[in-house]
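Please open the model in a viewer and keep the selection panel at hand. The stops below proceed from one selection to the next.

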Amino acid sequence: MGTDMEDDKRSPIGSDEPPLKQARLSKGKLYMPPTNEELNQLRETENLFHSSLFRLQISELLSEVRLKEKRKRIMNIAAKELRQILLKLPEGKEHDIMHQKWLTKSGFQVPLNQNPWDVKGKFHFLPPKEATIIGSFTSDTCVKPDVHLDMMVVIPKECIQAKDHLNHRYARKRALYLTVLAKHLDNQPKVEDLMFTYHHGNHLKPVLVVTFKVEDCKLVNIHLHPVPEEGSFKVNRFHICKNNIRPHWYRGQAAVGDQVEENQPSTPFYNSTVLEDLTMKTNQEFLMQQQEDSSGVKEGITLLKVWLRQRELDYGYGGFTGFIMSMYVTYLLSQRKLNVLMSSYQVMRNTLINLTKSDWTTEGISLQAPEGQPHIPTMSDFHDNFDVVFVDRSGFLNICYSVNSNTFQRVRHEAELAIEMLERIDLDNFESLFMKPVPFHLKFDHMFHINCTDDLITSFDGLGLSEQLIDSCGDYVQTCLPTILKILGKALGKRVRLLQNKLISPPKWYVTSSPPKVPFTDRLTVGLLLDPEYSSNVLDKGPSADLAEAAEFREFWGEKCELRRFQDGSICEAVLWAAGGTMSTKRLICSKIVTYVLKKCLGLSKKNLDYIGGQLDDLLHMPIHIKGNLPPYGTGEEQTLAIMNVYDDLCKILRRLELPLTINSIQGTSPVFRHTEVFSPLPAKYKHVEYASDDVRLLPRADKPCPVWSPIQKVVCLLEGSGHWPDDLEALRRVKAAFHIKVAELLNQNKLPVQVQPTSVLVLKDGYVFQVELAHTREIGLLKLTKTQDGMVKMRDTEQSLALEKEIIALPKLTSTLHGLQQQCNSFSGTVRLANRWVAAQMLSDFVPDIAVDLMVAHIYIAPLPFKVPGSPLVGFQRFLTLLSTFDWSTSPLIINLNYKFTKEDLTEIRSRFTKERSTLPLMFLSTPEDKFSSLWTKRAPTAPILQRLILLASESLKVLNKQLENSDGQDFRQIFRPPLDVYNVLIHLCQKQLPRQHQAVDLRKDTYIPCYQDDVESNKFPITQFDPVQIYLKELRASYDEFALFFHDTFGGNVIGVIWKPNVFVPQQFKVSHVNAHKPQASAGQEMELVSNIEAIVEDFRILGGGLVASIEVKS
């Protein structure tokens, strides 16, 4: 489609006409009281919208997605010209339906899979009786982009014979009619292109897509829908309980015995396909009549269509199309639940509310006219034959005949979320409702792909679907889909909130090509929206063994079912999916259920099932050997729980200490306490290669490899207030040191090994090392005291005071909040650790604060709309990459509403101040309730180049990951965790044996050392903690060469350091003695002496500084 543009009303460039001047309002008009219409708009805005901005956004959206008048005029011209061509087409000769060489020899293919081939009847082409514009264009509810015009082409009744309702005859004639139209139109000069497609993915309903050229070479897409002339068929001939496809004909068998229709299975799908054509004109007229004089209703329908399209629900076979939504709005108008005076917002909101309250799977709705035809199907007839029921004006057609119950429940679910969005004040509900796409892979926590193979076909007899396969004319995927979803829904039960198949866009093909085979997809994709409360249950408890339901339970679950006695004494049927196991195993219980049930009920082999759920779990798994009673290392949750238990015991001991001042609060501040440590720390219970220097600690050996990484866990203890604290900063610190000595003595009495430091106490408990730091807020106040030039003392924020405040106040609060978030959402830890692992793998963890990553992931969980809270780390990580790559960091603050403390006024103030002060604020601005306006955690980083690089990497990683998840079999999911090294000027390769975290690397080498942890190793001596030679080396490099280069490294086992020269390195400088460092003299073009960077010497310095650690250095030209 061409771009829709309004006529430019400005004077053209170069014209002699003066530019139009803006009219000035007189004072009287400027200050005149508001009119009644303006008052009504203000009142409506106050009552219905959260803000006037939302109303303006809706108005702007409508102006963008609706067709402009100029475009409408062009489309009308195209339709008028095409209509004239169609009505003047010449009459054709009569042919047998089966004899099609007269058509195919000219290169055109019939757009229908003609199976079985043998069909009786004659085909005689006559020009259309009429060609009329139908669809959303006539009601002005088209939604850009991909706008097309629908045209109903009426097949004369003379083309229809007496028995054409039987055995696909009408479908064949309809397809042949389309092919003849294509043949004639191919010779028209204004016809740019001709293609076939399926109407809403129904393979029995091909339509001809005509790309028509009008004035100024504008192109218009027109879909031609052939329908029989009124009176060609009796409508009740296609009653949904009647048969119009004889089984013996379909199977190629001779008619045997009594073949009366009453003994034949009904064909509701085929009948509905034909009824859709027979009732098209009636339903179109009814739709136009109801919406004729209401701009509010039309705009409301347009908004609802945008809402559906953003959720990928309005296309393909089984989609909840824009036509269904338009008819539902018409139904609500007829029921007086809407009225024509409502605004677009009222229509949209009330429609969504009514949608959430109605269930068409159990109580269908009907638009049937009171004076309807006789012998119409009853509502129970419709419910017996279809999952979802919405009867049209004629009373014969179920508009939702192709929609399954799971898709309808998804629509209701989305409507509930939409109402929730409209009622929330703490988020941009317009953005969530209309602007954010909701793709299938981000909506569902788990997915699986079923390869459409012979396994499905052979399962039809066992599932009792042979008759339905005849009705669907061979589309075995769509035939078995509702049954598969019902079986899975029964098996998964409470574990899933929602289960839905992915809708497939209908194919398009050229008129000279053969139609795609049926089914036209070779794979079926189903999404699972998990319920976190039940999804990882390892046991399914069934009915009591003495109840009648027990037999059905046993039959369904087969060999998996067993009798078990429960704690309440009851003996029930049950299914056990995992005995114990790690959290990563429990997260994939649904995978075991789906695999087992599809194998048992459909005979589906494992090779034809591709389950997507835990593909990235290996990135969080640390390859270690464990002996004894230590918990197994899955994805680290068990180790985090273990250290939290040890930490809780330490807190109890600290609170019992008899100190001069009471400890008000104790809070761990290391990442593990907020469940964001990528690799959860293990106790130092491994075979040490260090030697004991004294009775309390170990030291490394020069002749041995680097010791295994053992981190320190920091704990901040905030003391109570007291007037006895000194007013001098140095004196206060000495008092704190005395407190630390006292704490160490008391902990030693509790038989805990300790080491005293002036600012903290190191405590060894159960193999973990904790750094206990006592703190008091008075120290912050003393650090803020500054003297002015005239000797006055003032309180001002200083670097030291802000750093201390962050460490002892802000960080403990944030850690506690994120810990609470993990308790509510058990997938938060896995998601945030994957995000931090990815940032580190791109060698950017030193430039992007890990807390900034934690907060971004927290935002995904606190404000998930238009999604639900992520139910798996995989989908949470995908949403993190989406947020990072699509959020507008330059013009918007990312508001993380921790504990939902923000008020409406807070949100307004944050956005207002951000806009005013944007130039002075950090590039990545994160606002939390405890830090509204300063973005404490991102003040210094990331810088503009780093943020730009991070966004680019996130965008590309997301593309790669999504493509891999489309077919995960044999994919290398570590690919997006391998950094591109071609951007670096110098690569410093490190010696493997000197890397303490080498076993945490993305890719392990043959010589990677894998530590062995065992619970019988003595752990009363302090291990070597926080010792990473690479970090020490990086610190020296940055201290010495920060003005020349940037240094990048993967903290978690990276064996290479990337170096990028800063742009000013290659700019010659004026010769000065003070600038000689790392430079060499060089004569300029004017024979003046100047200094240039000595790259060779700098690289050699890298090698010398890293003696024993650097294996080799690679310099790129």
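In which strand does Q667 lie? Select residues 663–668 of this predicted model: they make up strand β19, and Q667 lies within that strand. Q667 counts as buried because its relative accessibility is 18%, below the 20% limit for that class. Display its surroundings next. Apart from neighbours within four places in sequence, Q667 is in contact with Y647, K714, V715, V716, P812, T815 and S816.

Next, select L785, V793 and M795. These residues form a nonpolar patch on the surface, and their accessible area together is about 290 Å². M795 belongs to strand β27, residues 793–795. With a relative accessible area of 54%, M795 is exposed.

The next selection follows a record. The unreviewed UniProt entry places the feature "domain: Nrap protein" at several spans, including residues 826–979. In the model, the end C-alpha atoms of residues 826–979 lie 29 Å apart, and the span is 50% helix and 3% strand.

Proceed to the open sheet of 3 strands, ordered β34-β36-β35 with antiparallel pairing. Its edge strands are β34 (1069–1070) and β35 (1079–1083), each of which pairs on one side only. Between β35 and β36 (residues 1089–1093), the antiparallel pairing runs over 5 bridges. To inspect this pairing, select Q1082, which stands opposite E1090 in β36.

The remaining stops concern charged side chains; the model has a count of 47 salt bridges. Select R66 and E299, which form one of them, with the closest N and O atoms 3.4 Å apart. This pair links distant parts of the chain, 233 residues apart: R66 is in the loop between α3 (52–65) and α4 (69–87), whereas E299 is in helix α10 (residues 295–310). R66 is buried at 14% relative accessibility, while E299 is partly exposed at 23%.

Now select R311 and E414, whose side chains meet in a salt bridge of 3.4 Å, N to O. Here the partners are 103 residues apart, with R311 in the loop between α10 and α11 (322–334) and E414 in helix α14 (residues 405–423). R311 has a relative accessible area of 0% and is buried; E414 is likewise buried at 0%.

Because E414 and R410 are 4 residues apart in helix α14, about one helical turn separates them. Both E414 and R410 are buried.

How values were computed. Residues numbered from 1 in each chain as written. Predicted model: local features only at pLDDT ≥ 70, side-chain atom pairs only at ≥ 80, totals over all residues. Heavy atoms only, no water. Patch = residues over 30% accessible without salt bridge, like charges linked within 9 Å, V, L, I, M, F, W, Y side chains within 5 Å. Areas by Shrake-Rupley, 256 points an atom, 1.4 Å probe, with all protein chains shown as cover. Salt bridge = Lys/Arg side-chain N within 4 Å of Asp/Glu carboxyl O. Helix = DSSP H or I, 4+ residues; strand = E, 2+ residues; numbered from the N terminus. Buried < 20%, exposed > 50% of the residue type's maximum accessible area, 1.4 Å probe, protein only. UniProt positions renumbered as here; feature names shortened; annotations may be inferred. Pairing = 2+ DSSP bridges. Contact = heavy atoms within 4.5 Å.
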